[in-house]
Every structure is written in structure tokens, then in C-alpha cells.
Amino acid sequence: MAYDFQVTVDSARPHALADWWAEMLGWRVEESNEEFIREMVAEGYAAEEATTTHNGVLVWKDGAAIVHPETGQRFLFQLVPEGKTVKNRLHLDIRVGAGKIEAELERLTARGATFLHRGKQGPAEWITIADPEGNELCLS
């Protein structure tokens with residue numbers, strides 16, 4: 001039996017990081033249901049402190065998600081109190097195409113990514129960068 005999955009990323013600023021990844025991948029930020037949030041707070045199921053405003057929209061403070069525009073595949077960015085301290089044991093390889101790697105590096109570093117290093121193994125080449133919160137990913 002095959003399983004579906006969601007990728008979850010720990011974050012200090014989940015809504016800002018979701019925005020960054022959505023733009024980077026060409027995905028969309030999952031819409032907030034402000035009416036539902038207000039209802040949950042009004043009925044006592046959630047505290048007002050569990051909400052915040054991001055880009056003028058009422059959202060849950062603890063998380064934000066992005067969704068692939070066609071498949072519905074989802075990334076969740078969840079609020080955690082601690083910062084990133086060590087190298088990722090798991091990372092994403094974003095396949096932009098050999099002729100686009102340098103342009104993507106320039107675009108993403110202009111938006112807050114950090115260049116880490118270039119790699120090559122046989123005919124394969126990639127560039128490792130970190131997102132604005134230090135999570136590593138490779139462009140290939």
C-alpha cells in the first residue's frame with residue numbers, strides 16, 4: 001500500500017516562510033478561513049492568542065501551509081520556539097533544470113536565501129542554499 005504524505009517544516013515565522021516557499025516553488029499559500037477562526041475563538045475552542053494577522057488576514061499563529069496548484073500536495077510550516085542549530089538530515093532537491101540553476105540562485109538569494117556551496121558528482125551538479133530560516137535545499 002502506498003501512502004500520501006505532507007512535508008512539515010519547523011519555523012520561527014511560519015507565515016513568512018510559507019510565503020517564501022510558495023513563491024519559490026510556484027505554489028499557492030493555503031487560504032485562511034477567517035470566519036472559522038473567529039467562530040472557534042468566540043465559542044471558546046481557541047484563545048485569541050492563538051491567532052495573528054498576516055498580510056491583513058486573520059490566521060492561526062502556529063502554522064501556515066502551501067499547496068501545489070494542481071496536485072494538492074501540501075507543505076506545512078509550524079511554529080516552534082527553538083531556532084535551527086544543526087545541518088538538516090533531510091532536505092529537498094528542487095529540479096529547476098541545468099540551464100536555470102544560476103538564475104534561480106540569483107533570484108532566491110535576492111529574496112533571503114543563503115548560498116552554501118556547489119556540488120558535483122559525475123555529470124550531476126547542484127547548488128546548496130538555505131532558506132531565510134536556514135533550512136538547506138539543493139537546486140539542480
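The model is predicted. Helix H3 spans residues 101-110, and its buried residues pack against helix H1 (14-25), strand S8 (114-121), S9 and strand S10 (136-139).

**Helix H3**
- Ile101, Glu104, Leu105 and Leu108 are the buried residues of H3, and because they fall within an arc of 105 degrees when seen down the helix axis, they line one face of the helix.
- On the other side of H3, Glu106 and Ala110 are exposed.
- After H3 comes Gly112, which has a positive phi, near 115 degrees.

**Ile127**
- Ile127 belongs to strand S9 (residues 124-130) and, with a relative accessibility of 2%, counts as buried.
- Beyond its neighbours within four places in sequence, Ile127 is in contact with residues including Ile101 and Leu105, as well as Phe115, Leu137 and Leu139.

**Salt bridges**
- The count of salt bridges comes to seven.
- One of them joins Glu23 and Arg111, with the closest N and O atoms 3.3 Å apart; since Glu23 lies in helix H1 and Arg111 in the loop between H3 and S8, the pair ties together parts that are 88 residues apart in sequence.
- Glu136 forms a salt bridge with Lys84, again given as 3.3 Å between the closest N and O atoms, and because Glu136 lies in strand S10 and Lys84 in the loop between strand S6 and strand S7, the pair ties together parts that are 52 residues apart in sequence.
- Glu136 is buried at 13% relative accessible area, whereas Lys84 counts as partly exposed at 35%.
- Within H3, the side chains of Glu104 and Arg107 meet in a salt bridge of 2.8 Å, N to O, the two residues being three apart, about one turn of the helix.

Technical notes:
Residues are numbered from 1 along each chain as its sequence is written. This is a predicted model: local features need pLDDT of at least 70, side-chain atom pairs count only at pLDDT 80 or more; totals for chains, interfaces and linings use all residues. Side-chain values use heavy atoms; hydrogens and water are left out. Helices (H or I, at least four residues) and strands (E, at least two) are DSSP runs, numbered from the N terminus. Buried means under 20% relative accessible area, exposed over 50%, partly exposed in between (1.4 Å probe, protein chains only). Contact means heavy atoms within 4.5 Å. The arc is that of the directions from the helix axis to the C-beta atoms. A salt bridge is a side-chain nitrogen of Lys or Arg within 4 Å of a carboxyl oxygen of Asp or Glu.
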